[in-house]
Amino acid sequence: MWGLSLEPALDRTDLLAAPVAEAIRGWKGEDAFQVAEIDPELADTAAFCERYGTPLDTSANCVIVAAKRGGEVRLAACVVLATTRADVNGVVRRRLDARKASFAPQEQAVTETGMEYGGITPFGLPAEWPVLVDRAVVETPYVVVGSGVRRSKLIVPGASLAALGSAEVIEGLAR
């Protein structure tokens with residue numbers, strides 16, 4: 001698919017960050033997740049899609065957002081198609097009831113997720129984090145997402161993102 005050599009993700013947990021492998025092992029859905037090994041230098045979306053012939057509208061980005069209110073900071077994830085951007089200052093800020101919302105600093109995102117920057121995925125995030133998913137992602141038959149590491153990508157049914165325990169599908173999350 002898309003110039004990628006796919007393997008069952010559970011057969012190649014060496015290509016997954018530890019929290020991602022754990023989440024996939026415990027997956028209750030019937031979806032079979034696939035993983036593809038890639039050049040880690042090409043993990044960023046644009047470079048990945050160009051090299052592997054993957055359409056941007058089948059690639060989903062997961063960004064970590066820090067929402068602040070009254071001195072408290074809460075982290076959340078937003079998942080949007082690569083052809084769009086999450087509306088962090090509008091939809092996300094309001095949904096998280098925050099005074100201010102912004103992308104979490106890279107070091108914080110890596111530390112809190114246990115994943116590599118450029119490979120962060122909604123699978124395996126801390127259970128208490130909200131995972132906000134744009135409806136367009138869920139309606140895409142298969143999407144490419146991070147695997148927790150830069151050297152591979154997961155290919156999953158878009159609908160599987162709606163089945164994550166802390167997921168909320170939001171119309172208009174992305175612009």
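Author: Gladly! Keep in mind that this is a predicted model. The protein has five helices and nine strands, and along the sequence these follow the pattern β-α-β-α-β-β-α-β-α-β-α-β-β-β.

Reader: What makes β2 and β8 paired strands?

Author: Pairing requires at least two bridges between two strands. Strand β2 (residues 34-37) and strand β8 (residues 152-157) have four bridges, in the antiparallel sense, so they count as paired. In one of these places, glutamine 34 has isoleucine 155 of β8 as its bridge partner.

Reader: Which strands make up the open sheet, and in what order?

Author: The order is β1-β2-β8-β7, four strands with antiparallel pairing. At the edges stand β1 (6-8) and β7 (142-146); each has a single partner strand, so one side of each lacks a neighbour in the sheet. On average, neighbouring strands here are turned by 35° against each other, direction ignored.

Reader: Why does the radius of gyration agree with a compact globule?

Author: For 175 residues, the rule for a compact globule gives a radius of gyration near 16 Å, and the protein has 15 Å, so the value agrees. Along the principal axes, the C-alpha atoms fill a box of roughly 45 × 30 × 30 Å. Buried residues make up 49% of the 175 residues. Of the contacts with a separation of 6 or more, 68% are between residues 24 or more positions apart. The accessible surface comes to about 8400 Å², and 47% of this belongs to carbon and sulfur atoms.

Reader: What makes arginine 150 and aspartate 44 a salt bridge?

Author: The cut-off is a side-chain nitrogen of Lys or Arg within 4 Å of a carboxyl oxygen of Asp or Glu. For arginine 150 and aspartate 44, the closest N and O atoms are 3.4 Å apart, so the pair qualifies. Arginine 150 lies in the loop between β7 and β8, and aspartate 44 in the loop between β2 and α2 (45-52), so the pair ties together parts 106 residues apart in sequence. By this rule the count is nine salt bridges.

Reader: Why is aspartate 44 called partly exposed?

Author: Buried means under 20% relative accessible area and exposed means over 50%, with partly exposed in between. Aspartate 44 has 44%, so it is partly exposed.

Reader: How do you know that arginine 69 and aspartate 97 form a salt bridge?

Author: Their N to O distance is 4.0 Å, and the cut-off is within 4 Å, so the pair is counted. The pair links distant parts of the chain, 28 residues apart: arginine 69 is in strand β3 (residues 60-69), and aspartate 97 is in the loop between α3 (88-95) and β5 (100-103). Arginine 69 is partly exposed at 44%, and aspartate 97 is partly exposed at 48%.

Reader: Is glutamate 171 buried or exposed, and what is its salt-bridge partner?

Author: Glutamate 171 has 60% relative accessibility; the cut-off for exposed is over 50%, so it counts as exposed. Its salt-bridge partner is arginine 135, at 3.0 Å, N to O. Glutamate 171 sits in the segment after β9 (167-170) and arginine 135 in helix α5 (residues 135-138), 36 residues apart. Arginine 135 has a relative accessible area of 32%, so it is partly exposed.

Reader: Which residues are linked in a network of salt bridges?

Author: That network links Glu7, Arg12, Asp14 and Glu37. In general, side chains of opposite charge can pair when their charged atoms come close.

Notes. Residues are numbered from 1 along each chain as its sequence is written. This is a predicted model: local features need pLDDT of at least 70, side-chain atom pairs count only at pLDDT 80 or more; totals for chains, interfaces and linings use all residues. Side-chain values use heavy atoms; hydrogens and water are left out. Helices (H or I, at least four residues) and strands (E, at least two) are DSSP runs, numbered from the N terminus. Axes are lines fitted to C-alpha atoms, for helices over the stretch in contact, and angles run from 0 to 180 degrees between N-to-C directions. The radius of gyration is taken over C-alpha atoms; the globule rule is 2.2 Å times the number of residues to the power 0.38. Buried means under 20% relative accessible area, exposed over 50%, partly exposed in between (1.4 Å probe, protein chains only). Contact means heavy atoms within 4.5 Å. Accessible areas come from the Shrake-Rupley method with a 1.4 Å probe; for residues, only the protein chains shown count as cover.
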